[in-house]
Amino acid sequence: MATVRETPVAKTTSASAGGFTVVAESIEVDTAERVEIVDLTDTVMKFVRASGVQEGLLSLWSMHTTCAVFINESQTALEADIKTFLEDLIARGKYYKHNDPAHSDCDRQNADSHLRVMLLGHSVTMQVSGSELVVGRWQRVLCGEMDGPRTRTIRAQVSGLSR
Amino acid sequence: MATVRETPVAKTTSASAGGFTVVAESIEVDTAERVEIVDLTDTVMKFVRASGVQEGLLSLWSMHTTCAVFINESQTALEADIKTFLEDLIARGKYYKHNDPAHSDCDRQNADSHLRVMLLGHSVTMQVSGSELVVGRWQRVLCGEMDGPRTRTIRAQVSGLSR
Amino acid sequence: MATVRETPVAKTTSASAGGFTVVAESIEVDTAERVEIVDLTDTVMKFVRASGVQEGLLSLWSMHTTCAVFINESQTALEADIKTFLEDLIARGKYYKHNDPAHSDCDRQNADSHLRVMLLGHSVTMQVSGSELVVGRWQRVLCGEMDGPRTRTIRAQVSGLSR
């Protein structure tokens with residue numbers, strides 16, 4: 001059963017009252033591999049700085065069941081370890097009812113993708129302070145494509161007290 | 001050690017100032033199985049539409065350590081895959097100190113439930129835009145009962161700029 | 001690649017407009033073991049009560065890639081089960097590229113820590129109601145040190161309608 005909003009999510013929104021502002025934008029991410037990790041940090045930091053919100057919250061939401069948003073260090077070696085870990089834990093080739101035409105009308109054979117993203121998470125909610133994202137020295141905001149290649153939509157919304 | 005608020009959480013709350021509104025409600029969910037997935041999307045969407053909040057955030061919080069709130073597609077085949085995955089990863093019958101009277105005064109034998117919900121998560125924080133929940137085509141908001149049957153409480157709070 | 005804010009996160013911040021308040025504080029946590037679970041609930045509850053925010057949201061954010069923030073019951077037996085589960089699932093001694101000098105310049109041998117925190121999560125976003133944190137009877141807010149001993153920074157931010 002698919003979720004149907006009555007109206008599609010607007011590509012950008014902006015609203016303000018009493019010093020409180022909400023600004024949102026849909027970010028498109030093109031992936032090239034079935035499993036791929038894309039670093040969104042600079043894009044998101046730029047969006048936060050441009051929003052005018054000084055102190056508040058940033059929500060990043062993947063609009064897909066098989067595409068994750070999560071935090072980790074960005075390093076080629078660690079990304080390889082993450083991919084190996086996910087394949088060992090949730091093997092693509094195992095039997096899943098979701099991949100079996102006797103039980104499912106999904107033809108993408110992506111049960112592993114659903115389970116992997118369920119563990120990594122579809123969203124992060126972060127703090128904004130001094131008009132910048134609150135992140136530690138090694139933390140990067142990552143998009144985890146688990147059933148690409150595809151064009152994915154990540155919605156970013158920042159809200160809080162503005163300048 | 002149990003957490004004790006000085007006062008119980010109110011069943012419903014509502015507050016507004018300067019165009020900013022916070023509305024919250026406790027949603028009760030009755031489960032029939034030990035492990036069961038309940039689709040909350042329509043209930044939550046209805047709550048958001050009724051709140052009057054146009055642009056903001058929705059927090060869904062399970063009030064229990066052994067009941068999850070998470071995102072996935074709602075499909076019978078996939079739900080079976082999720083249950084199989086959790087039982088394979090965190091077997092109910094394994095030895096756990098939490099289930100051993102020599103180490104624990106918990107008599108529910110539910111260490112597996114605690115570990116499973118720790119992975120799925122107790123909450124989701126979502127965006128609201130145009131007075132509707134921001135969700136992708138296949139995303140559903142799911143309650144993951146891991147130690148039922150029971151009556152569970154999920155608290156929904158929506159906050160942001162109102163009409 | 002490390003994330004660099006242009007200015008460091010302030011140790012405390014406070015801002016208000018139109019009845020809406022944002023208050024934030026960096027909480028330091030000293031850990032004594034490589035893997036250790038620290039209960040933050042009382043510290044966070046005290047911060048929320050002191051903030052003046054009545055109805056709103058609390059964000060807790062670990063500033064580290066190898067230190068988690070998550071929810072569970074606080075019990076010695078269950079903490080032992082969590083540690084055993086994590087070691088069984090993501091063994092410290094396995095081969096990881098992140099630990100191999102041929103692929104990585106990280107000398108902490110902490111790939112397991114990165115993967116464990118990726119599953120537990122770096123943050124929780126909770127509700128505040130009646131000037132108190134919304135938590136269930138057995139829920140505690142836990143800090144999961146996965147590469148200690150160290151001094152860790154957890155940033156707490158509460159926002160919403162104030163008294």
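**Ground rules**

I took the structure as a predicted model, where local features need pLDDT of at least 70, side-chain atom pairs count only at pLDDT 80 or more, and totals for chains, interfaces and linings use all residues. Residues are numbered from 1 along each chain as its sequence is written, chains are lettered from A and ligands numbered from 1 in the order in which they are written, and side-chain values use heavy atoms, with hydrogens and water left out.

**Entry 1: chain A against chain C**

I began with contacts, meaning heavy atoms within 4.5 Å. Here 41 residues of chain A touch 44 residues of chain C. I then looked up the buried area, which is the accessible area (1.4 Å probe) that two parts lose on being put together, summed over both. For chains A and C that comes to about 3700 Å², with 59% of it on carbon and sulfur atoms. On the chain A side, Phe85(A), Gln127(A) and Leu161(A) lose the most area to chain C, together 17% of what that side buries.

Next I checked charge pairs. I counted a salt bridge where a side-chain nitrogen of Lys or Arg is within 4 Å of a carboxyl oxygen of Asp or Glu. Between chain A and chain C there are 3 salt bridges. One of them joins Glu6(C) to Arg49(A), with the closest N and O atoms 3.9 Å apart.

Polar contacts came next: pairs of N or O atoms within 3.5 Å, where within protein one must be able to donate a hydrogen and the other to accept it, and residues adjacent in sequence count only if both atoms are side-chain atoms. I find 19 residue pairs in polar contact across this interface, both residues at pLDDT 80 or more.

Which elements of chain A supply at least two residues each to the side that touches chain C? They are helix H1 (41-51), strand S4 (53-62), strand S5 (67-72), helix H2 (76-89), helix H3 (111-120), strand S6 (123-129) and strand S7 (132-133). Helices (H or I, at least four residues) and strands (E, at least two) are DSSP runs, numbered from the N terminus. H2(A) gives the most, with 8 residues. By class, this side of chain A has 20 nonpolar, 12 polar and 9 charged residues.

**Entry 2: chain A against chain B**

I turned to the other partner. In this pairing, 44 residues of chain A are in contact with 41 residues of chain B. The buried area is about 3700 Å², of which carbon and sulfur atoms give 59%. Thr3(A), Trp61(A) and Met118(A) lose the most area on the chain A side, together 20% of what that side buries.

I find 3 salt bridges across this interface. Arg5(A) pairs with Glu132(B), the closest N and O atoms being 3.8 Å apart. By class, the side has 20 nonpolar, 18 polar and 6 charged residues.

**Entry 3: salt bridges overall**

The structure holds 39 salt bridges over all chains. Asp39(A) and Arg140(A) form one, at 2.8 Å between the closest N and O atoms. Asp39(A) lies in strand S3 (residues 36-39) and Arg140(A) in strand S8 (residues 140-145) of chain A, so the pair ties together parts 101 residues apart in sequence. I classed residues by relative accessible area: buried under 20%, exposed over 50%, partly exposed in between (1.4 Å probe, protein chains only). Asp39(A) is partly exposed at 25%, whereas Arg140(A) is buried at 3%.

In chain B I noted Asp112(B) and Arg34(B), which meet in a salt bridge at 2.9 Å, N to O. Asp112(B) is in helix H3 and Arg34(B) in the loop between strands S2 and S3 of chain B, so the pair ties together parts 78 residues apart. Asp112(B) is buried at 0%, and Arg34(B) is buried at 16%.

I also found a network of salt bridges linking Arg34(A), Glu87(A), Arg108(A), Asp112(A), Arg116(A), Asp147(A) and Arg150(A).

**Entry 4: cysteines**

How many disulfides are there over all chains? I find 0, taking a disulfide as a pair of cysteine sulfur atoms within 2.5 Å. For Cys67(A), the nearest cysteine sulfur is that of Cys143(A), 3.5 Å away. Cys67(A) is buried, at 0%. The sulfur of Cys106(C) is 16 Å from the closest cysteine sulfur, in Cys67(C), too far for a bond. Cys106(C) counts as buried at 18%.

Note on methods
Nonpolar A, V, L, I, M, F, W, Y, C, P; charged D, E, K, R; others polar.
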